[in-house]
Amino acid sequence: MAAAHDDEELSRLATLHGVATSYSPSPDRTVRVSVAAVAAALAALGVDAGTPDAVRAALTARERELRERLLPPTLVHWTGGAQDRAAPAVLAALPAGTRLSIETEQGQTRDAAEGLPAGVHRVSATAPDGRTAHAHLIVAPDRLPTPATRSYGLLVQLYSLLSRRSWGMGDLGDLAELADWAGHTAGAGFVQVNPLHAAVPGAPADPSPYRPSSRRFPDPVHLRIEAVPEFAYVEDPADRARISALLERAARLRAAVLDKGALIDRDAVWELKREALELVLRVPLGPGRQAAYDAFRAAEGQALQDHATWCALAETHGADWHGWPAGLRDPRSADTARARAELAGRVAFHTRLAWLTDGQLRAAQRAAREAGMPVGIVHDLAVGVHPGGADAWAQQDHFAAGMSVGAPPDAFNARGQDWGLPPWRPDRLAASGHAPYRRLLRALFRYAGALRIDHVMGLFRLWWVPRGSPPTEGTYVRYDAEAMLALLALEASRAGAVVIGEDLGTVEPGVRDRLQRHGVLGTSVLWFERDWEGDGRPLPPERWRADCLATATTHDLPPTAARLTGEHVDLRESLGLLTRPAAEERTEATADTAEWLALLGSLGLLDTPAAGPPGTAEEAEIQGVHRFLLRTPARLIGVWLPDGVGDRRPQNLPGTWDQYPNWRLPVADAQGRPVPLEELAASPRLRALLEILREGTGAGTGGEPP
């Protein structure tokens, strides 16, 4: 390998391309990244660092490029105060006599940068010495919208929310129904759901909503078929008979889950819905519906065509485009164009499904707002996409070939993590003005009252793992966080939507402060909120941060009842997931719970009856946990819906695959009996819990954080 001075050159080269040569898993520890990991990350960015000579040549080229360029590919100008009318600093620093031409997003052409409207503009610059540059200029408000009032809401995995009308898994009709009920009856301000991105098809399909085929387009498996307007106009007797048969099969599928203990079978649900939609879509659209559909297709453009083409090709060639015939692996090839024409009917089918799903998503948000919810539906943005899916195929130029996103080794996982998600290339994002990211945000905000961003730290940097290497052999690669945050602020402000960042775990110093400064709310989970820099004891409510969504648990953690009873340890022991003796785990879990209950008791938040039916004390403790959350200054408080009926089973158990039914469980009560939406709405236990939240947030009275 290269000599020491060449290692220094490699380090300089890596820094200039945003590739880390070390990282700090804790404030007092720095870990060097292997030379191989650095070279692999640089190679994925198109930089040859395989030999000392190659490193030296690449370093010289990069330094010359940065020295001679007039402008970086993407510029950011924050507005909100005295800087509103000023020119962006980087433009003001251009050589005297430089000519500017700015084409605004609104279609105007200007020769000065002062007073630009919010948007993503194109800047062209010509210096007196003949140098030219083209850049994207993002003009965005310096703070995102924040909740106008303090509110609480429900957190639920939509597939788990079955009603007596859904086809074996929760759907968008159930989501609208829950929002309508929770807003009108319980004074809730929002409903947060799992990512509803389009999944990779196949049997069995990956049930995880965090490894989708596309983040840009939603999954039609969530459609309420009977709510498609054309459903009522299927007139052909044979088609009506087939639909009746499908409805009967859907009823059996639903009954199997709700009444017979079956797991949610997404593949079986989609098989029925796909067949029904084939029949429903034979009905011609009325003129108004046709005009709306045409407008949707025009607005979504190439991205929609690519998505529908991938879906059609996947039906013929399989769900991983890497195994397709060579000519079809390129979305812009002549072979792909011919295949698109040959499969025009299937492309049109998937295009229509995207439109229908978008419409029902927007209808759910309307229902939430009409029910009085100040926020409405909170959608979840996954970290990345499946390497074989639609986005990875259509946006190949923007993804880093041969790389996967993960996490470095830490105190909880000595081997690190590989999530199997290809990362975006920061250089290609910057050159395009972050176009894929911008279009993604715009699509999601169309039907979101708020957006939760999973692993929000990924806006700053991601851990890249070379294919075939263990996660320990990865390194961090930086993104233009300034541009990513500016686009987030721009699109959220246009939509009037709130943004919640999932910032649990190890977070790089300064990241939370920067997110807070721009109005991105954090995520605080009760069991993790301790005085880690002091005595390690539970953090008193007045010391919690205000700019956050505060919850008792999440989809990746045990339900509160299981945590209180210690059943989460029993589950992990039964699956062989413990890394130390079960007795030690139980002792620590019991002590942890006891500390929290002692704090709740000292604050007078536990209203435990002296006697009562089984589960009474546990129910009172869950209520006490949520009274504690109300004592914090958190702007948003989330109630894990299964906690309202005493569910014990986590929706996802990290570290398992087929040992545990991740992402396939319906909401259930303390005995494991599935509870449909109709029974949830009538549950005295859930109603009692939500009444505490309603009173504590002053729902309907404009209550502010204390």
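**Note on the predicted model: sheets, cores and helix packing**

1. Strand E12 (residues 376–381) is mostly covered, since 6 of its 6 residues are buried, where buried means under 20% relative accessible area, exposed means over 50% and partly exposed lies in between, with a 1.4 Å probe and protein chains only. Strands (E, at least two residues) and helices (H or I, at least four) are DSSP runs numbered from the N terminus. The model is a predicted one, in which local features need pLDDT of at least 70 and side-chain atom pairs count only at pLDDT 80 or more, while totals for chains, interfaces and linings use all residues. Residues are numbered from 1 along each chain as its sequence is written, and side-chain values use heavy atoms, with hydrogens and water left out.

2. An open sheet of 8 strands, with parallel pairing, runs in the order E18-E15-E12-E9-E8-E21-E20-E19; two strands pair if DSSP finds at least two bridges between them. Strand E18 (498–501) and strand E19 (522–525) stand at the edges with a single partner strand each, so one side of each is left without a neighbour in the sheet. From one strand to the next the twist averages 25°.

3. E9 and E12 run parallel and are joined by 3 bridges, with Val378 in E12 as the bridge partner of Gln192. E12 is in turn joined to strand E15 (residues 450–453) by 4 bridges, again in parallel, and here the bridge partner of Val378 is Ala450. Strand E8 (residues 151–155) pairs with strand E9 (residues 190–192) in the parallel sense over 3 bridges, and Gly153 stands opposite Phe190 in E9.

4. Helix H19 (residues 616–631) lies across strand E20 (548–551) and strand E21 (636–640), and runs at about 165° to E21; such angles run from 0 to 180 degrees between N-to-C directions, and axes are lines fitted to C-alpha atoms, for helices over the stretch in contact.

5. The other sheet to consider is an open one of 5 strands in the order E3-E7-E6-E4-E5, with mixed pairing. Its edges are strand E3 (74–79) and strand E5 (109–110), each with a single partner strand, so one side of each is left without a neighbour in the sheet. E3 runs parallel to strand E7 (residues 132–141), to which 6 bridges join it, and the bridge partner of Thr79 in E7 is Pro141. H14 packs on this sheet, touching E3, strand E6 (119–126) and E7, and its direction makes about 50° with that of E7; touching, or contact, means heavy atoms within 4.5 Å.

6. The largest nonpolar core has 129 residues, and those with the most contacts inside it are Tyr152, Leu178, Val191, Trp464 and Leu488; a nonpolar core is a set of buried Ala, Val, Leu, Ile, Met, Phe, Trp, Tyr and Cys residues joined through side-chain atoms within 4.5 Å. Helix H14 (residues 481–495) gives the most to this core, with 10 residues. Apart from it lies another core of 40 residues, among them Phe217, Ala250, Phe296 and Leu304.

7. Two helix pairs involve H10. The axes of helix H7 (residues 266–280) and helix H10 (residues 344–370) come within 12 Å and cross at roughly 105°, which makes H7 roughly perpendicular to H10. Angles of 65 to 115 degrees count as roughly perpendicular, under 35 as roughly parallel, over 145 as roughly antiparallel and the rest as oblique. The axes of helix H5 (residues 172–186) and H10 come within 8 Å and cross at roughly 10°, so that H5 is roughly parallel to H10.

8. His434, in the loop between helix H12 (426–431) and helix H13 (435–445), has a positive phi near 60° and counts as buried at 1% relative accessibility. His455, in the loop between E15 and strand E16 (461–466), has a positive phi of about 50° although it is not a glycine, and is partly exposed with a relative accessible area of 21%.

9. On the cysteines, the count comes to 0 disulfides, a disulfide being a pair of cysteine sulfur atoms within 2.5 Å. Cys311 counts as buried at 14% relative accessibility, and Cys548 is buried with a relative accessible area of 0%.
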